[in-house]
Amino acid sequence: MNKDNDDSGAGEEWFRKVFSRLPLPCHSLNHEGCIQEVNQAWLELLGYERKAVIGQPFRQFIAPGYIRQFTGNFKELQSGKRVGAKIMGLVRNNGSEVTVEADVSADFDEDGTLENTYAVLRDVSNLPRDARQQGNLARRHTLILNATPGAIVGFDVNGKVTFANPATEQLTGWGPQDLQGIGLHEHLHGRNPDGTPNPASECATCLALEQRETAHGEAWFQHRDGHFFAVEFHTQPYFVDGAYMGGVISFSDITERKEAQEKLRQSEEMLRHLFQNAPVALWREDFSQVRAFCDRLMADGVTDLDLHLRNNPQDLQTCMSLVGIKDVNQATLDMHGASSLAELSGNLPAILTDEAIGVFRREIVAMAHGLAGFEAPTTVRTLTGEPRSVMFRVFRDVSGEKSDMAYVALMDLTEARRVEELNTRLVTAIEQSADSVIITDRDGNIQYCNPAFEHLSGYSRDDVLGQNPRLLKSGHHDDRFYRDLWQEITAGRVWVGHFKNRNKQGEIFEEDGSISPVFDSNGNIVNFVAVKRDVTHQLALERQLAQSQKMEAVGQLAGGLAHDFNNILHAMLGHLEFAMTAGAEPEEVRSELALIQGGVEHAAQLTRQLLAFSRRQVLELQTVDPNDLVAQLLQMVRRVIGEDIELDFRPGTIDGRIHVDAGQIEQVLLNLCLNARDAMPDGGTLKISTDLVEVDAEFVGAHPWARSGAHVRLVVSDTGCGIDPAVMPQIFEPFFTTKPTGRGTGLGLATVYGTIKQHGGMILVESDPGQGATFTIYLPVSSALDGDPAAAESTAPAPGGSETILLAEDDSAVRNVVSRILRRAGYQVLEAENGQIALDIFAEHGDRIDLALLDLVMPVVGGPEVAREIQRVRPAVRILFNTGYSEDAILGRLGPDSKAPLLMKPHDPRDLLVSVRELLDDRPRG
């Protein structure tokens, strides 16, 4: 039986007994105003039987003169307002009336909707009317005092606290019982925010109370928890028959107001800074007198203000003189060659051309008609008479109190003309570009194509305008390719990729291209621009060069392997000959066979290295020792670099391992070694070293793409010809090579760079011509959960337990294996095939779940969302994520600051059980 339910039932039974035996009449109403419950005193007061009143509207028991009051009060309760004690008349069963005073309270649900109201009644029929009024007045004063949101504290003649309302505790942390009979100064304002004392002799609130004066001001008070907050306070002494009886201080927290004032000041300062430093000429003008003048003109019968100002230039000049120029920025002074606002204001006729005066007239008419904005091109002059073509714009807040205040912007059209010329040059460049350019509308219909597109596709501009680029489809891309492309660009992102298209003559051509969305001023996509380059011939050459290089590498490997295999076979044949010699002793035969077995194992090792080097597959991550990885690769490196190059490997002491695809890292190192060989045609030294380094904040500051933490550093250096500084920035670019034609594809270092980045690492290069080159690779040290292989193979039993684990994994095979591992270790397992089912199981069994093992990416609801909901309800539940995704995908799901434990797939059973046990043993108690 659930103890909480027992306690709840006992509490409800106790409440019913107390409610039924209260000497004061009590009732409760539901949200519609119907009676839910009454006690015995209520029934005795009104003379009804219980069954006659339960479920009935309470208003039918109210005397007619009080029904409107009750209806109003009930509506206030429904809207969330508090209702104090009320006098009302109720009708007894015998038809007589009884006057009661009702104290009402209410319950609301989480949405703020009224659920129930409760009332305690007192029969005041026999009290004198004035006594009832006095009692009501006292209670109202108490209710007002308690309901006041500001703190109110009373003092006696000695300055000791006599009362404090509830708001005092809310603001200060000190309750009325804490403050009763003490001085308030040492608790609230005895210290300043900087920690210095604030003696009572210097405290504004203490001085006001001591001098028995009414005072108002601002001060800093200290909360019970130690933090300071700004208050606005009022002090008021009170006297009885001329005798000082004490005082009252009221105060309210104005911290937010102070912060708002500071933010407003900062905002105004920022706006002022923007105004003064804006590159556009800005004026701030007051048109209030101009408006008043125009109002008088229209009151005098002017109906067409524009025509009137045309025909009466003296009134237009009056308007110009009535404009109050309040401020101009530096760009305005620079535009007109003025040194100050006064100089500019005093020479307005000099800077306004006849055309500008006409624009000013139109501005006055727009202002008189209540328009918020107005613009027109015009010409102004500098103080030295030089003309300047500008775009005149005026902005006015017609809805605000300062609707007569206008901001005028003068934009120099010289820049606009420069942009127009630039656009002309850009169009010319696009027209003459060797890359094809297509512009489509939002629906993908072609609106423009350049001559390069016409030449490449065979279609003329007239052929394709209004058509969709799908007319180039070749059938080499499936529907998903185009669907993913369309989803990417319509989401506002740039798509970059490769096309195989068909021209008008039916021939296939290949393009590398990008498609970018074009946005309007509101952020809406209005066009798409595709820029594509014909790479058909280039790819054909690259494939030929790649094949040539591949065959060269295969030939080198084959020669080296043939040499080693011939040596192995030679030795094995010799040992076989000795073993077959007539008269050989059995012990000699066994010895010779053992040597032959060693040769076979050596040959098998060569075969495994060749397979590892040639494999083509996705990342196959494993935790390896970097020194072992390099040492095993060196056997192959020695075969391909030649005998005239000295190989120097210097392994460092590394207390850590790396989580990598060993085959791909081997290919990276082999590629760097082959490049080093080519840089030393006459021989030299190839050095490879390893060590453990810590990438710190200083390194990250110099290389923003780096990540801090422990890294294994692999250094490959040579004594060759070095790299020309002019081409150093390009060495990792695809298809860039310094080798002669036919000797390189330009893909080697690009592949090296991509592989290292895919492993979450980084690569740097240093070189000077004639001084060789040094490539430095940083690979992150594997996390603690990767473990030590030696420890993983320990014969010690894997840890287990009896706790309950929620397992959420969408792959049924993985879920089955993990569940069996956990159950075999003694755990209770609740299985879920996706995140939503996991949440449903938690809702039903959450009180007994100790740990949640969650796949990071699942259908319906992902692992991070499940974890957040579980820990919101029960923070004590431990979370362990399980994933086979790359590091970038993990960061995208969890964020770079996530501290959630993570177990990488694939993992062995012991790693899983150790991680689970460690998390469970570290969980908080209670």
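I take a residue as buried when its relative accessible area is under 20%, and by that cut-off Cys294, with a relative accessible area of 1%, is buried. I keep in mind throughout that this is a predicted model.

**Entry on cysteines.** I looked for disulfides and found that the structure holds 0 of them.

**Entry on helix α13.** Cys319 came up again when I turned to helix α13, which covers residues 313-322 and in which Asp315, Leu316, Cys319 and Met320 are buried. Looking down the axis of α13, I found its buried residues within an arc of 150 degrees, so they line one face of the helix. I then asked which helices the buried residues of α13 pack against. They pack against α11 (288-299), α12 (305-311) and α17 (354-368).

**Entry on Thr235.** I located Thr235 in strand β9, which runs over residues 228-240, and its relative accessibility of 2% makes it count as buried. Leaving aside neighbours within four places in sequence, I listed the residues in contact with Thr235, among them Thr205, Ala208, Leu209, Val248 and Ile249. Glu213, Thr214 and Ala215 are also in contact with Thr235.

**Entry on a surface patch.** On the surface I picked out a nonpolar patch formed by Met270, Leu271 and Leu274, which together have about 300 Å² of accessible area. Met270 is found in helix α10, residues 255-277, and is partly exposed, with a relative accessible area of 47%.

**Entry on salt bridges.** My search of the whole structure gave 30 salt bridges. I looked at the one between the side chains of Glu431 and Arg461, with N to O at 3.2 Å. Glu431 lies in helix α18 (residues 413-432) and Arg461 in helix α20, so this pair ties together parts that are 30 residues apart in sequence. Glu431 is partly exposed at a relative accessible area of 25%, and Arg461 also counts as partly exposed, at 26% relative accessibility.

How many residues apart in helix α21 are Asp484 and Arg480? They are 4 residues apart, which separates them by about one helical turn, and their side chains meet in a salt bridge of 3.6 Å, N to O. Asp484 counts as partly exposed at 36% relative accessibility, whereas Arg480, at 55%, counts as exposed.

I noted a further salt bridge between Glu488 and Arg493, whose closest N and O atoms are 3.2 Å apart; Arg493 counts as partly exposed, at 43% relative accessibility. Elsewhere I found Glu218, Glu232, Arg257 and Lys258 linked in a network of salt bridges.

**Entry on His477.** Is His477 buried or exposed? I found it buried, with a relative accessible area of 16%, although it lies in the loop between α20 (461-464) and α21 (479-490). Leaving aside neighbours within four places in sequence, His477 is in contact with Tyr482, His498, Phe499 and Lys500. I also looked up Asn501, which is 24 residues from His477 along the chain, and the C-alpha atoms of the two are separated by 9.1 Å.

How values were computed: Residues numbered from 1 in each chain as written. Predicted model: local features only at pLDDT ≥ 70, side-chain atom pairs only at ≥ 80, totals over all residues. Heavy atoms only, no water. Patch = residues over 30% accessible without salt bridge, like charges linked within 9 Å, V, L, I, M, F, W, Y side chains within 5 Å. Areas by Shrake-Rupley, 256 points an atom, 1.4 Å probe, with all protein chains shown as cover. Salt bridge = Lys/Arg side-chain N within 4 Å of Asp/Glu carboxyl O. Helix = DSSP H or I, 4+ residues; strand = E, 2+ residues; numbered from the N terminus. Buried < 20%, exposed > 50% of the residue type's maximum accessible area, 1.4 Å probe, protein only. Contact = heavy atoms within 4.5 Å. Arc of directions from axis to C-beta. Disulfide = S-S within 2.5 Å.
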